[in-house]
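Visitor: I would like to go through this model and ask what stands behind each label.
Guide: Here it is.

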Amino acid sequence: MAHLSNPHITTGPSAQAPAAGLRAALHHVLALDPPPECVVITGDLTERGEPEEYAAVGEALGAFPRPLHLVTGNHDAPEALVEAFGGTRFLGGGTTTTYEVEHPALTVAVLDSKVSGSPGGRLGPAQLSWLDRVLSRRPGVPAVVCLHHPPVPVGIPFLDAMGLADGPALAEVVAAHLRVVRVLAGHVHRPVTAAFAGSTVAVAPSTYRQSGLVRREGPPGYTGELASFLLHVAPEGPPGTAWVTHTVPVDGG
Ligand SMILES: [Fe+2]
């Protein structure tokens with residue numbers, strides 16, 4: 001499963017670089033051999049959540065030939081996202097930003113942590129019980145839970161101040177389902193890994209620009225580091241064999 005994040009697609013004079021980054025990452029994903037079973041983009045699809053920006057996301061995705069799942073970030077607007085992609089495979093064929101897709105060997109559960117007017121995130125009890133029901137359906141089949149805000153502090157104070165309010169409640173649900181092989185997030189614009197509720201949180205870098213690793217107070221700014229994405233791999237082996245995560249730098253990103 002390929003895991004991209006934070007393309008921050010926009011329109012106007014700043015449109016070129018983020019669009020080029022997303023296109024380069026998607027191109028690189030397709031060049032993988034074998035290609036991934038599916039792709040997820042964990043939020044901040046756009047810079048401002050405007051309809052024209054979602055149209056530009058659609059142009060960048062084009063006729064992408066693998067299953068691809070979109071996640072809502074704090075820069076996104078769920079209504080505009082649904083308006084643009086509702087009923088398409090990019091939202092699992094549905095018209096909500098919380099949805100699941102059952103691949104033959106993998107369940108993908110997508111959560112919406114957007115809080116209107118805030119850069120921080122929250123899932124809320126209704127979404128968490130929905131997740132619990134989804135994860136109860138196919139015991140033994142690996143599941144990946146996707147959301148924008150990392151459910152644990154990442155050690156960068158600026159971003160931890162706009163983290164997920166109910167990470168511990170998500171941890172309770174995940175801990176009850178051994179099938180959750182990864183919890184995938186974005187938001188940080190850097191790769192970060194953490195143990196989480198018997199599973200592993202993997203935060204994907206941005207396909208556009210990377211934040212600084214700034215572990216004191218204050219905005220981390222952006223660095224010249226290469227764009228990259230994550231590739232989560234189920235190695236051959238008996239059920240329960242651990243998944244591994246690769247960080248893949250993007251040529252031209
Ligand atoms: Fe974000």
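Guide: S206 is buried, at a relative accessible area of 0%. The model is a predicted one.

Visitor: Why is S206 called buried?
Guide: The cut-off is under 20% relative accessible area. S206 has 0%, so the label holds.

Visitor: Where does S206 lie, and what is in contact with S206?
Guide: S206 sits in the loop between β11 and β12 (210-211). Leaving aside neighbours within four places in sequence, its contacts are S5, N6, H189, A227 and S228.

Visitor: What makes the pair of N6 and S206 a polar contact?
Guide: A polar atom of the S206 side chain lies 2.7 Å from the backbone oxygen of N6. The limit is 3.5 Å, so this pair is within it.

Visitor: How do you know that H28 is buried?
Guide: H28 has a relative accessible area of 16%. Buried means under 20%, so H28 qualifies. H28 belongs to helix α1 (residues 16-31). Beyond four places in sequence, H28 is in contact with F229, V248, P249, V250 and D251.

Visitor: Which protein atoms count as donors of the iron ion?
Guide: They are D44 (OD), N74 (OD1), H148 (NE2) and H187 (ND1), at 2.1 to 2.3 Å from the ion. The cut-off is 2.8 Å, so these atoms count as donors.

Visitor: Why is the site of the iron ion called irregular?
Guide: The angles among its four donor atoms run from 85 to 170 degrees. A tetrahedral label needs all angles between 85 and 135 degrees. Water is not among the atoms, so sites may look incomplete.

Visitor: How are the donor residues spaced in sequence?
Guide: The pattern is D-x29-N-x73-H-x38-H. D44, in the loop between β2 (39-41) and α2 (51-61), and H187, in the loop between β9 and β10, are 143 residues apart, so the pair links distant parts of the chain.

Visitor: Are D44 and H187 buried or exposed?
Guide: Both are buried. D44 has 2% relative accessibility, and H187 has a relative accessible area of 6%.

Visitor: What makes the phi values of D44 and H187 worth a mention?
Guide: Most residues other than glycine have a negative phi. Phi of D44 is near 50 degrees, a positive value. Phi of H187 is near 75 degrees, also positive.

Visitor: Which peptide bond is cis?
Guide: The one joining D33 and P34, with omega about 5 degrees. P34 is in the loop between α1 and β2.

Visitor: Why are the buried residues of α6 said to be on the same side?
Guide: In α6 (residues 167-175), the buried residues are G167, L170, A171, V173 and V174. They cover an arc of only 165 degrees around the axis, which puts them on the same side of α6. The face turned away from that side carries the exposed residues P168 and E172. The cover over the buried residues includes α4 (125-137), β9 (180-185), β10 (192-196) and β11 (199-203).

Visitor: Which residues touch the most other members of the largest nonpolar core?
Guide: L4 and L70, among 47 residues. Beyond four places in sequence, the contacts of L4 include L22, L26, V40, I41 and F229. A second, separate core has 28 residues, including V154, A171, V188 and V203.

Note on methods: Residues numbered from 1 in each chain as written. Predicted model: local features only at pLDDT ≥ 70, side-chain atom pairs only at ≥ 80, totals over all residues. Heavy atoms only, no water. Buried < 20%, exposed > 50% of the residue type's maximum accessible area, 1.4 Å probe, protein only. Helix = DSSP H or I, 4+ residues; strand = E, 2+ residues; numbered from the N terminus. Arc of directions from axis to C-beta. Contact = heavy atoms within 4.5 Å. Donors = N, O, S within 2.8 Å, 3.2 Å for Na, K, Ca; no water. Tetrahedral: all angles 85-135°; square planar, octahedral: opposite > 155°, others 65-115°. Polar contact = N/O pair within 3.5 Å; in protein donor to acceptor, adjacent residues only side chain to side chain. Core = buried A, V, L, I, M, F, W, Y, C linked by side-chain atoms within 4.5 Å.
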